[in-house]
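Here's a quick briefing to read with the structure open beside you. Have a look at the model first, then work through the points below.

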Amino acid sequence: MAKTIEEINQKIKNGSAVVLNAEEIIDHVREKGVKKTAKEVDVVTTATFGPMCSSGAFINFGHSDPPIRMEKAWLNDVPAYAGIAAVDVYIGATELSETEGMDYGGAHVIEDLIAGKPIKLKAVSHGTDCYPRKEIETFITRETVNQAYLYNPRNAYQNYAVATNSSNRTIYTYMGKLLPRFGNATFSSAGQLSPLLNDPYYRTIGIGTRIFLGGADGFVSWVGTQHNPQKERLANGTPTGLAGTIAVAADLKEMSTDYIRACTFTKYGVSLFVGIGIPIPVIDEEMVEFLKVTDEDITVGIFDYSVQRRNKPSYGQVDYKQLRTGKIKINKKEVQTGPISSYAKALEIADLLKKKIQSSKFFLTDMVQPLPLECEYRSLEILSQEEL
Amino acid sequence: MIKKKLVLSFPEKVVTKPITYALVKKFDLVFNILRAEITPDMEGKMLIELRGDDQQIREATDYLEEAGVAVQEAAKDIIIDKDGCVDCGACTSICITQALILDNNTKKLKFNKDKCILCGLCLDCCPVAAIKVNI
């Protein structure tokens, strides 16, 4: 018997919806089976909290008097893209400060804005008849700006990779510090808690899905960049590496620094820890089959990040249960492992979303359009015009 | 007679040479190796407590530095800023003595100070700068 979103929302409204997080559903299915679970449970909350470089915020400052059409803008000395209209900018998470380098970047501006701290805005323009001002220097906060939205083109990667280092020197990557001679290996996924690993064929998560983003109610706004649904999959539907992605948006003014945090990876640069929670409606038994996925059922490829090429040599696949023990074997050598995304935070978000739904403060949406199950994933080749 | 805790770092080329014995033989010091480890970079790290008079300790330190051993005062501590930490675990795969681990039950970061040898490998791997040195 299938359930509709409308029926589930009705239950949420009258406070009778049964909600579990993506960890709790595993034992529930083990105990009661798929059929009973599909009947009993209405919503499963999934979540992730990891560094997501493809993030940033649109800010509309409001107009100054006399007005300016900003052509170049800086927030706390971090360049923001101002090539859109007059007082709109996009501050990218990985943009670095022109004065502090890797210690401060766009992600820190976003975190400081959420924290309510004052931020120095500087902008320049050539001046026009309608926008005569050529320079502005002022201070802004989340309260003073007209609007601020987090608008992330690629978040919540459906699986990722394990990074290790075969070379003789320590390397510094977006997957963290990798010690020489397979001294360690890092990974980044919420595994069994991760949204797109619990809905591997995007049956319920699509464009228009209401989500938890950084403490605010947000939406899946578009297909994520580099969305690659045709990645090889296991029988349970989960892809074995980088696959689906989503673009997300929400009001930055409603966010909390508990769920959005700036970070710096030494000698790599700045990124943003983004907390995302997505409720999955238990529409039918097939959905339960996907939701019961455990860390043991999800595998991911081990790659040598010391090879500075697009395609890195692989040392095979490993499952997340093994990765979370802190040790894996690479070429028969025991290698210490550690995550760079926070399972504890993901669990916190999944539970928070669960409570919001239980207390009728968060309702589910039918998606407006599904994420594609087929699309091309192209690389950038260096070509002359004739070779195109 | 004074007591001093030092962290000695032996680079790859001296890691196999017997250097510490000279501390007894040449400088008449009493020492206690609290922890020692060879990191994947093939650097030896040793937390050592020396006992002797001030002069002897200073001479011994000079001797070690001349032999290519980096000497740091260990009167410092690794401190985890619990409020800043997001429990990501980025430091756990780096920690060669597993003093930093993710707790199995809470999934949160646990720092076992007794296991820490103050090697400092974790200092530049925390994405939210929640690992600090207390001097």
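Let's start inside a sheet: A:Thr186 has A:Gly338 of β25(A) as its bridge partner. That link belongs to a parallel pairing, with three bridges joining β15(A) to β25(A). Keep in mind that this is a predicted model.

**The sheet around that pair**

- β15(A) and β25(A) sit in an open sheet of six strands in chain A, and the order runs β23-β22-β12-β15-β25-β24. Pairing in this sheet is mixed.
- Which strands stand at the edges? They are β23 (314–319) and β24 (327–330) of chain A, and each has a single partner strand, so one side of each is left without a neighbour in the sheet.
- From one strand to the next, the twist averages 30°.
- As a reminder, strands of a sheet pair through backbone hydrogen bonds, and they do this either parallel or antiparallel.

**Chain A as a whole**

- Chain A carries seven helices and 26 strands.
- How does its radius of gyration fit with a compact globule? For 388 residues such a globule would come out near 21 Å, and chain A has 22 Å, so the two agree.
- The C-alpha trace of chain A spans about 70 × 60 × 45 Å along its principal axes.
- Of the 388 residues in chain A, 48% are buried.
- Take the contacts in chain A between residues at least 6 apart in sequence: 72% of them join residues at least 24 apart.

**Strand β2 of chain A**

- Is β2(A), which covers residues 43–51, mostly covered or mostly open? Mostly covered: nine of its nine residues are buried.
- One pairing of β2(A) is with strand β1 (residues 19–21) of chain A, in the parallel sense and over three bridges. Within that pairing, A:Asn21 stands opposite A:Thr45 of β2(A).
- β2(A) also runs antiparallel to strand β21 (residues 269–281) of chain A, with nine bridges joining the two.

**Two domains in chain A**

- The domain assignment gives chain A a domain 1 (5–53 + 153–364) and a domain 2 (62–145).
- The C-alpha centres of domain 1 and domain 2 of chain A lie 33 Å apart.
- Each of the two domains of chain A puts 15 residues into the contact.
- On the domain 1 side of chain A, the elements that give two or more residues are β20 and β21 of chain A. β20(A) gives the most there, with five residues.
- By residue type, that domain 1 side of chain A divides into eight nonpolar, five polar and two charged.

**Where chain A meets chain B**

- How many residues are in contact here? There are 29 from chain A and 18 from chain B.
- On the chain A side, the elements giving two or more residues are β14 (176–178), β15 (185–187), β20 (260–265), β25 (333–339) and α7 (343–358) of chain A.
- The residues on this side of chain A divide into 12 nonpolar, 13 polar and four charged.

- A:Ala2 has its place in the segment before α1 (5–13) of chain A.
- Is A:Ala2 buried or exposed? A:Ala2 is exposed, because it has 11 other C-beta atoms within 10 Å, and 12 or fewer counts as exposed.
- A:Ala2 and A:Val282 are 280 residues apart along the chain, yet their C-alpha atoms are separated by 8.6 Å.
- Leaving out residues up to four places away in sequence, A:Ala2 touches A:Ile283 and A:Asp284.

**Two domains in chain B**

- Chain B is divided too, into domain 1 (2–73) and domain 2 (76–135).
- The C-alpha centres of domain 1 and domain 2 of chain B lie 25 Å apart.
- The contact takes seven residues from domain 1 of chain B and seven residues from domain 2 of chain B.
- On the domain 1 side of chain B, β2 (30–38) and β3 (44–52) of chain B are the elements that give two or more residues.
- That domain 1 side of chain B divides into two nonpolar, one polar and four charged residues.

Definitions and conventions: Residues are numbered from 1 along each chain as its sequence is written. Chains are lettered from A and ligands numbered from 1 in the order in which they are written. This is a predicted model: local features need pLDDT of at least 70, side-chain atom pairs count only at pLDDT 80 or more; totals for chains, interfaces and linings use all residues. Helices (H or I, at least four residues) and strands (E, at least two) are DSSP runs, numbered from the N terminus. The radius of gyration is taken over C-alpha atoms; the globule rule is 2.2 Å times the number of residues to the power 0.38. A residue is buried if 20 or more other C-beta atoms lie within 10 Å of its own, exposed if 12 or fewer, and partly exposed in between; C-beta atoms are placed from the backbone. Two strands pair if DSSP finds at least two bridges between them. Ala, Val, Leu, Ile, Met, Phe, Trp, Tyr, Cys and Pro count as nonpolar, Asp, Glu, Lys and Arg as charged, and the others, Gly among them, as polar. Domain bounds come from an automatic or database domain assignment. Axes are lines fitted to C-alpha atoms, for helices over the stretch in contact, and angles run from 0 to 180 degrees between N-to-C directions.
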